[in-house]
Structures are given as structure tokens and as C-alpha cells.
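Here is a short report on a protein model with its ligands.

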Amino acid sequence: MKLDRIEGKPDDKVAWGSDIAAQMLHRFGIPFISLNPGASYRGFHDSLVNHLGNENPGIILCLHEDHSVAIAHGYAKATGEPMACVLHSNVGLLHGMMGLFNAWCDRMPMIVLGATGPVDSEKRRPWIDWIHTSRDQGAYIRSIIKWDDQPTSPQALVESMTRANLATRSAPTAPVYICLDAGFQESKLDKEPEWPDMNRFRPPAPPRPPKDAVDQAVALLKNAQRPVIMYGRGSRNAATWQPRIKLAEQLGACVLTDLKQGGVFPSDHPAHYVPPFNVLTKPARTLLTEADVILALDWADLGGALRQARNVGKVSAKIISCTLDPTLHTGANMEYQALPTVDVLMATTGDPVVAELLEALGPGARKDPWKAREPAKAKGGNGVAITMEQIASTLRAEFNDPDKVTFCTLGRGWPFDVWPIENGMTYLGKDGGGGLGSGPGLSVGAAVALHDQGRYAISMLGDGDFCMGATAIWTAAHHRIPLLVLINNNRSYFNDELHQDTVARTRGREPKNRWIGLRLENPAPDIAKLAEAQGAVGIGPVTKAADVKPALEKGVAILKKGGVCVIDFHVDPPVERQEISALGHRETGY
Ligand SMILES: Cc1ncc(C[n+]2csc(CCOP(=O)(O)OP(=O)(O)O)c2C)c(N)n1
Ligand SMILES: [Mg+2]
């Protein structure tokens, strides 16, 4: 990875208001700051470059603010740590809002710097400074961040940023926003502020669950004949991986995991009942109706999962759940999801509960899961058309060390039977907020985190998602961030074809028209050329099964050499997806 180098030596004297903000990021150990420039923070920009020397944090330049946020988001998904990003005045903030919404729903930490003003109207340049000044800029985003502030003095800025750093890193993590007055940024300081001792402002560990709740949970789990563990949000850290396996094996539990979160359990383990899902598959729903105890560990939508299960039968299990999420809930958005029925509720995150339960259960023999996992359905291709299975198996064969591959994000239809989740870094999860166009930025952000970890950053994205966020690839090319992006190109906003099919059938109208206003054809956007235009290597369109291997060989070689490559695969949706109809949607309750 390459950051731009400054001429001359940085001026390490803290002399201007904005130097304080740059210093604070440096003292928090923030390695990178993604941005698209703007005059509202020209003072702060100068502090990053000429005071800090464009190091720690180093600037990652983006072509769109949505990408600045998505990159910070992807970085947090890979590391659990915040990056910083800057959003210029109200306009950059408005562009970055969708990315922020995704990060908010995904409960990912990041420090967002913004700017407004000058608040003192005497200092405003005509027109432009006036339109880019808001009375309460944080109000634009207050419903999708954890905390915000607009401090007005040097010492207040120090305290405000210290609080922001603590808030974003404390569970439940989420973005925070500090708005810097343009006038204050450019004011000369009389003296340096008092700097905090960062050892004395460290985020607390998530709470241990209370003993009586653990006792109740253990009593239920010890007597359970048919326990199901729903592993939701969890750390990528290797130290939490093994305990999750141990708990499932000791209980003889069946395990479910959610595609929306990063991988938290080996998807090829005998206890992992069905492949990770977005919406509960029918066998998963049936499993929940058969369970006698359900242990849900920070599952993002337990209420929704139980509702889906109730579509196929009664859920009579006792339910144990842990989450800190309600501490973020306001009435503004409904990302808090349906209210689940819970018998034992613990206010903490999943990993401490796993540790505490293992300790309370004591040593125990490994048991087989009470129900054998669903066998993977054989999906042979016809040898001509490209399938996801072929892409996954051919890609895997290109690596001697496939456990070193990280899928930054995966679109629909990834065959986990061909390439399973085998460690906490195999798969980083989805966008969190369902905001399209985030895939390229998330991938670049994760690749930033992975570039010096000896891991390979690969993504599989939809054509619609890629086209919306394509210019994020320029950032990877410019900063030499190694990344391989594979496009599952069905030349359509296919997800919506299913919706239009559903509506037409429900209304007794013509489902054959479902593609109108949705297909990306005549011409299909040339994704390889889009990638080439960003300075990456673009391959494709690859339209035949026979061309998959050479394309992947080339793409992986570029990745291994530290390059950026995008391969456009024309993959038709699998038959079962093409034929899904109103019935398919209604079955899942969607
Ligand atoms: C910002 C935004 N705009 C529109 C949508 C609605 N939407 C959800 S999925 C989807 C189609 C995505 O297309 P693609 O990435 O090609 O995936 P496919 O469904 O074809 O597999 C659309 C348009 C959205 N979620 N977010
Ligand atoms: Mg598509």
C-alpha cells in the first residue's frame, strides 16, 4: 500500500486549531483517514499533511464520500477497530449518509470528522461559505450515529474527541461524528491544550453476564435435548473462535449463523446445520420449531428469526439471548427489529457469554449435534454456462493456503459447501444497512486492513452493486491496495425481478414483464472497462465455463503481486432462483 509523500519536513508545532484534531487522531492510533477534499476543512487537511506529515493517519483519497465511509466501514469489519473519515460540510455529509447508515446498522466503529462554517458569519466568504454552513449539522445524521459534537474551544475539542474515541470503541460500537468549525480550525492557538493520557481513557470491556442469568442459562442448557445456538455478531479474533466450537460440541447443539455478519463458526462443522443465510431457509425455520432451548448470541434480528420460524410451526423452546443493542435504540429507525420473546436476557455481547457459559458448564465430553446437518444439494452445471460453484472451486485451486483468503463481502449465492468459512477472517459479512453501492468501498476498506497481514482480499459483488460504487476501485489502484473483485453479473437488478414477479402474480398480472426497468442490458455496462478506467486490471466479460480458469489464474496472479483486478463473470441466476415466485417470497415472510 502506498500513501502520498510530503515535500520537506512536517511542522510538528501544534499552532492552529485544526492541528489539535489531527493530533488527537494520531494519539488514538488511527492509521488511516479516508476523504474527498473540501474547503470547509482546508485547515484540518493542512494539519493532516503539513503537521502530521500524512502519516498516522495517512490520507486515503476517495472519489465519492460514500466510499470514504464504506472504506472506514470495511476496515472496521476486518479489524474491529475504527478508522477515520472526513465529510466536507453539509454536501459531503449528505453524500456519505448512505454509507453511514450501513455502518450504523452494522454497528461498526468509526470516527467521522465533519466541518461547517465559519460559524462566525463575519468570517464567511460570500455565497459558498454561507450555503455550506448549517445551524446544527449533526442533525442530518443524529439518528444514525452514536454520538456527535461541535466543540468551540481547543480544550473542548480535546475532550470531545476523547469522548468520541471512547464511545465508538465501546460496545455496542457505532460511528461518531465531530463537526469542526471552519473558523476555529483556522484560528491561531495561544498555547497547546492539555493532552489526555490515553491510558486513562480506554474503552471498557463488554460486561460479564450476571451470575444468576448464567446459572439460569446453564440449568436450561444442561437439560436441553435439542439445543440450538444462533451465533450472531462476534469478534474476528482467533481467541474467540475455538470457545464457540467448544460450547456447541459440549452441548451437542445445532448451530445457525447469519450471512449478514462476518463468519463466527466453521460452516463445515457437523454442528453447522445449514449454510449461513440471509433469510432463514426452510430447514433452519423447522429446526427452530424443533428446538427445546435456543441460545441466541447477539443475533441481529432474533425477533424476525422467530417470526420466520413461526411460519412453519410453533416455537416452544426456552429462549436465552444476549445483546447490548437496545442501548442504541431510539425511535428514529426500526433497525432494532421485531421484539423477541426471551426467557433469560443478558445485557452483553456474545463472546463473554460463551466464555462464562463454558466456565460454568465445566469440562464435558464432546457430543454430536442432535440433528445431522442438511446435506448440500448437488448443483452440477451444464459445462457451458458459468456457475458460482465453478468459480469458487477454480478460485480455491489457485491457492496453496486458501485459509489466508478473506472474502471482504459476498453477493448472493456463494457456495459455502465448496468454500467454507474456516476461520474468523474467511468472511467479513454484508453491508449492514442494505444500501447498494457499498460493496466496492467495503472491499477496499477491508483490503486496506489486510494488506500487511499476509491475507488475500477478495470480494464477490453483484453487477448493480459494483456499478453504483465502481469508482472506489480507483482508490485501491491509486494507493496500491491489493484486491481481487469478482462480479456475479446477471445483467440485472435481479433481486427486484423477484419482487416484480411477486407483485404481478399477486395481482393476477403478467410476471413475464418483471424485467422491465430492471435489466442492465443493451448494452450491459462493460465492467472490465469500468475497472480499467480506474487503473485496475479488468478482465471480461467472461461468458463461458471454459474461460473461467484462465481468468482466475490471471486475476489471482495480479492479486498475489499486490495489484488490483476486477473479473466480470456473466453468471445466470440459478434455476431455482429464476423460478422463485410469489410463493417463494411469501414462504419466507418477505
Ligand atoms: C441505495 C439502494 N438503492 C436501491 C436498492 C434496492 N435494491 C436492493 S437489491 C437491488 C439489486 C442489486 O443488484 P445486484 O447488485 O446486481 O444484485 P442481484 O440482485 O442482481 O444479485 C436493488 C436495486 C438498495 N437496496 N439500495
Ligand atoms: Mg445483478
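In this predicted model, the cover over the buried residues of helix α9 includes α8 (211-223), β7 (227-231), β8 (254-257), β9 (293-297) and α12 (350-361). Helix α9 spans residues 238-251, and its buried residues are T240, W241, R244, I245, L247, A248, E249, Q250 and L251. At the start of α9, a side-chain oxygen of N237 comes to within 2.9 Å of the backbone nitrogen of A239. Just after α9, G252 has a positive phi of about 65°.

Now the metal. D463 (OD), N490 (OD1) and S492 (O) coordinate the magnesium ion (ligand 2) at 2.0 to 2.1 Å. The donor spacing in sequence is D-x26-N-x1-S. D463 and S492 link distant parts of the chain, 29 residues apart. D463 sits in helix α15 (residues 463-469), S492 in the loop between β14 (483-489) and α17 (494-506). D463 counts as buried because its relative accessibility is 3%. S492 is likewise buried, at 3% relative accessibility.

Ligand 1 is surrounded by 15 residues, and the closest are G434, D463, G464, S492 and N495. This shell divides into 4 nonpolar, 7 polar and 4 charged residues. Helices α15 and α17 each supply at least two of the shell residues.

| Residue | Protein atom | Ligand 1 atom | Distance |
|---|---|---|---|
| F494 | backbone N or O | oxygen | 2.9 Å |
| N495 | backbone N or O | oxygen | 2.8 Å |
| D496 | polar side-chain atom | nitrogen | 3.5 Å |

Taken alone, ligand 1 exposes 580 Å², and the protein buries 74% of that.

Definitions and conventions
Residues numbered from 1 in each chain as written. Chains lettered and ligands numbered in written order. Predicted model: local features only at pLDDT ≥ 70, side-chain atom pairs only at ≥ 80, totals over all residues. Heavy atoms only, no water. Donors = N, O, S within 2.8 Å, 3.2 Å for Na, K, Ca; no water. Helix = DSSP H or I, 4+ residues; strand = E, 2+ residues; numbered from the N terminus. Buried < 20%, exposed > 50% of the residue type's maximum accessible area, 1.4 Å probe, protein only. Contact = heavy atoms within 4.5 Å. Polar contact = N/O pair within 3.5 Å; in protein donor to acceptor, adjacent residues only side chain to side chain. Near = heavy atom within 4 Å. Areas by Shrake-Rupley, 256 points an atom, 1.4 Å probe, with all protein chains shown as cover. Nonpolar A, V, L, I, M, F, W, Y, C, P; charged D, E, K, R; others polar.
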